[in-house]
Amino acid sequence: VCVLERQIFDFLGYQWAPILANFVHIIIVILGLFGTIQYRPRYITGYAVWLVLWVTWNVFVICFYLEAGDLSKVICHLICLSHQLCVNKPLPK
């Protein structure tokens, strides 16, 4: 239910990546429920792996937006470092 509510709010904005992620999440939840009802271990395992990834991603996003610890500084440093590597990289001949 919360994912569906978030989907509605994402449609109102310009963030299309969360809309696609929510859509994939809804599909995998349906497959997980189907796998539980029909007892299909492959679907249940896939749902369990997806759920761990989904929760990890949501915790990361929450910590990033709340600026928990030095997470935003680390991300900024990694982005700057990758940009410097791309800028200083010689062009292929």
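Helix H2 buries Ile19, Asn22, His25, Gly32 and Gly35. Buried here means under 20% relative accessible area, with a 1.4 Å probe and protein chains only. Helices are DSSP runs of H or I with at least four residues, strands are E runs of at least two, and both are numbered from the N terminus. The model is predicted: local features need pLDDT of at least 70, side-chain atom pairs count only at pLDDT 80 or more, and totals for chains, interfaces and linings use all residues. Residues are numbered from 1 along each chain as its sequence is written, and side-chain values use heavy atoms, without hydrogens and water.

H2 contains 23 residues. From first to last C-alpha it reaches 33 Å, close to the expected 33 Å at 1.5 Å a residue; the expected span is 1.5 Å times one less than the number of residues. Just after H2, Tyr39 adopts a positive phi of about 50°.

H2 (residues 16-38) packs against H3 (residues 41-65) at about 145°, with the axes 8 Å apart. Axes are lines fitted to C-alpha atoms over the stretch in contact, and angles run from 0 to 180 degrees between N-to-C directions. On the H3 side, the contact (heavy atoms within 4.5 Å) is made by Tyr43, Ile44, Tyr47, Trp50 and Trp54. H2 contributes residues including Asn22, His25, Gly32 and Gly35, which are also among its buried residues.

The UniProt annotation "transmembrane region", from an unreviewed entry, covers residues 16-35 and 47-68; such annotations may be inferred rather than shown by experiment. Residues 16-35 are 100% helix and 0% strand, with end C-alpha atoms 29 Å apart. Residues 47-68 are 86% helix and 0% strand, and their end C-alpha atoms lie 29 Å apart.

Methods
Buried < 20%, exposed > 50% of the residue type's maximum accessible area, 1.4 Å probe, protein only.
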